[in-house]
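Please look over the sequence and the model below before reading on. The report that follows takes up helix packing, the ligand surroundings and the confidence of the model.

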Amino acid sequence: MPTAQRTGVEDGVGLTALMVAAARAIETHRPDSLASDTFAEYFVRASRASTAWPTRPEEVPYGDANPLWGRLGRYFGLRTRVLDDFLTDSARAGIRQVVLLGAGLDTRAFRLDWPQGQTVYEIDRDGVLAFKHGVLDGLAATPTATRRPIAADLRDDWARSLVNAGFDRTAPTAWLAEGLLLYLPSAAEQRLIHIVDDLSVDGSTLAFEVKLGTESPEVRANPVYTTTKQQIGVDLLALFDREPRPDSAGSLEARGWSTAIHTPFDFARHHGRGPLPEPNDTLASNRWVFAKLDKR
Ligand SMILES: C[S@@+](CC[C@H](N)C(=O)[O-])C[C@H]1O[C@@H](n2cnc3c(N)ncnc32)[C@H](O)[C@@H]1O
């Protein structure tokens, strides 16, 4: 087993990658599963930080009523499905390079049915990727696309590392920032959007998740946040960047991208599964933005 402690998945924001992996493991085993990730439970079991976490619905105390693994977990399951669909639709439209920004323990390069010639770049911090590789190597997992992991801090200038890894600046790209921007300082988010735009040609697509505005004290006291901190030691409110958020969708529009902005509830209703609004909802300010560069 890889030693997670040295690698960063047990620390700070790295632990959120394990949290999402556990949610995906649980989702995989639900009878009404929205997404399947058979690798996810191996990550959870491989780290001392998460080895006692549930990976199956029957292991979740109070089941769907559990604010962490029930409601927030289902949110991650829904998000996985929607963004799986975003990437497979992009591939179907002919896009042959994908960049996963803050890839964490995402296994789409192994579990999705990619067309011939697909390349998936995964950017995350060195320690997170080292842990991921330890687990996947132990499983002798084989990617279904050409996979190029890149160790980089997305607050820095990561464009050069991506280009050095073989990224084709002349080809359209499907970019994904899933569960990332909430943790980045505002200036880093703006820089990231600028780099994505700079490296994109017509036909490129981008999906990302943001939170709008500031959450009220009542929302911050929601059991989703308090339970997550108490049960697994992930203090989301402390990890989220507290600066006013930039209008990344607006910036992209100004640069010639078209955007569609959805709530997670739009997709929960569409699939007939997933979280619906509740009082003092931690998900009420979440938005999933889908952008496309059509013609500059
Ligand atoms: C909530 S996890 C999401 C992981 C993955 N996208 C998913 O949905 O499973 C957040 C990820 O962002 C990564 N991350 C956060 N800040 C980062 C930074 N400055 N540079 C690189 N990666 C970062 C973390 O290491 C972590 O893997």
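## Packing of α1 against α3

In this predicted model, helices α1 and α3 pack at an angle of about 85°, with their axes 8 Å apart; axes are lines fitted to C-alpha atoms, for helices over the stretch in contact, and angles run from 0 to 180 degrees between N-to-C directions. The two helices are therefore roughly perpendicular to each other, given that angles under 35 degrees count as roughly parallel, over 145 as roughly antiparallel, 65 to 115 as roughly perpendicular and the rest as oblique. Helices (H or I, at least four residues) are DSSP runs, numbered from the N terminus, and residues are numbered from 1 along each chain as its sequence is written.

From α1, the residues V20, A23, R24, I26 and E27 make the contact with W69, G73, F76, G77 and T80 of α3, where contact requires C-beta atoms, placed from the backbone, to lie within 7 Å. By class, this contact has 5 nonpolar, 3 polar and 2 charged residues, with Ala, Val, Leu, Ile, Met, Phe, Trp, Tyr, Cys and Pro counted as nonpolar, Asp, Glu, Lys and Arg as charged, and the others, Gly among them, as polar.

## Other partners of α3

Helix α3 (residues 67–92) also packs with helix α12 (residues 264–271), at an angle of about 80° and with axes 10 Å apart, which makes α3 roughly perpendicular to α12. Here Y75, L78, R79 and V82 in α3 meet P264, F267, A268 and H271 in α12, a contact of 6 nonpolar, 1 polar and 1 charged residues.

With helix α9 (residues 223–232), the axis of α3 comes within 9 Å and crosses at roughly 120°, so the pair is oblique. In α3, P67, L68, R71 and L72 meet P223, V224, T227, T228 and Q231 in α9, and these residues divide into 5 nonpolar, 3 polar and 1 charged.

## Ligand shell

The ligand is surrounded by 20 residues, the closest being T16, G102, G104, L154 and G179; a residue belongs here if its C-beta atom, placed from the backbone, lies within 6 Å of the ligand. Helix α1 (residues 14–28) supplies the largest share of this shell, 4 residues, and the shell divides into 9 nonpolar, 5 polar and 6 charged residues.

## Confidence

The chain averages a pLDDT (the predictor's confidence in each residue, from 0 to 100) of 95, and 97% of the residues score at least 70. Over residues 1–7, however, pLDDT stays under 50, and the model has 19 contacts beyond four places in sequence for that stretch. Where pLDDT is low, the predicted coordinates should not be read in detail. Local features need pLDDT of at least 70 and side-chain atom pairs count only at pLDDT 80 or more, whereas totals for chains, interfaces and linings use all residues.

Methods: Two residues are in contact if their C-beta atoms, placed from the backbone, lie within 7 Å.
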